[in-house]
Amino acid sequence: MPQSLAMNLETVTLYERLGADAGIRRIVDGAVAAHMENPQIGHRFQPYADQPERVEEIKQHTCDFFAAGSGGPDKYQGRSMTEAHRGMEIDGAEYDSAAGDILGTMKALNYDADTRAEVEEILQSLKPEITHV
């Protein structure tokens, strides 16, 4: 393998491994659908089922946040995670359930174990900013 190709493979960002914007969008679409059906957290998402424009806004913010946090472009213009979730009283079990939906969606989309583990690490780092605020 030429050295330049090996160096490029070593510097591929998580954003690129996720498939850039299109790949992240597939993950977000799948995760939101899973959240809606999830018996532990679905009640938090069901009120938006008849508000497609609000669901799209949430999805776009999530895509932008995910892209920025994975080494992609920083287009996120939303609130901090703490501010976005303040007053929701999300507990640890709910957070873990939502994270499980994201990781399950990634597995269904055939992302490799290392990529899923890296996303899981990021999700766990965000947990204190989202739970019990």
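Is Phe-65 buried, partly exposed or exposed, and at what relative accessibility? In this predicted model, Phe-65 has a relative accessibility of 28% and therefore counts as partly exposed, given that the buried class ends under 20% and the exposed class begins over 50%.

A pair of aromatic rings is described by the distance of the centres and the angle of the planes. The count of aromatic pairs comes to 1. In this pair, the rings of Phe-65 and Tyr-76 lie 5.1 Å apart, centre to centre, with 75° between their planes, an edge-to-face arrangement. The pair links distant parts of the chain, with Phe-65 in helix H5 (residues 52-69) and Tyr-76 in the loop between H5 and H6, 11 residues apart. Tyr-76, for its part, has a relative accessible area of 18% and is therefore buried.

The packing of helix H3 (residues 20-37) against helix H7 (residues 92-108) was examined next. The axes of H3 and H7 come within 8 Å and cross at roughly 130°. H3 is therefore oblique to H7, and the crossing of H3 past H7 is right-handed. On the H3 side, the contact is formed by Arg-26, Ile-27, Gly-30, Ala-31, Ala-34 and His-35, which meet Ala-98, Asp-101, Ile-102, Thr-105 and Met-106 of H7. By residue class, the contact of H3 with H7 divides into 6 nonpolar, 3 polar and 2 charged residues.

Helix H3 also holds Gly-23. With a relative accessibility of 0%, Gly-23 counts as buried. When neighbours within four places in sequence are left aside, Gly-23 is in contact with Leu-18 and Tyr-111. Between Gly-23 and Ile-122, the separation is 99 residues in sequence and 17 Å in space, C-alpha to C-alpha.

Ile-90 is placed in the loop between helix H6 (81-85) and H7. Its relative accessible area is 10%, so Ile-90 is buried.

Conventions
Residues are numbered from 1 along each chain as its sequence is written. This is a predicted model: local features need pLDDT of at least 70, side-chain atom pairs count only at pLDDT 80 or more; totals for chains, interfaces and linings use all residues. Side-chain values use heavy atoms; hydrogens and water are left out. Axes are lines fitted to C-alpha atoms, for helices over the stretch in contact, and angles run from 0 to 180 degrees between N-to-C directions. Helices (H or I, at least four residues) and strands (E, at least two) are DSSP runs, numbered from the N terminus. Angles under 35 degrees count as roughly parallel, over 145 as roughly antiparallel, 65 to 115 as roughly perpendicular and the rest as oblique. A crossing is left-handed if the near helix is turned anticlockwise from the far one by less than a right angle, and right-handed if clockwise. Contact means heavy atoms within 4.5 Å. Ala, Val, Leu, Ile, Met, Phe, Trp, Tyr, Cys and Pro count as nonpolar, Asp, Glu, Lys and Arg as charged, and the others, Gly among them, as polar. Buried means under 20% relative accessible area, exposed over 50%, partly exposed in between (1.4 Å probe, protein chains only). Rings of Phe, Tyr and Trp (its six-membered ring) pair if their centres lie within 6.5 Å; planes under 30 degrees apart count as stacked, over 60 as edge-to-face and the rest as tilted.
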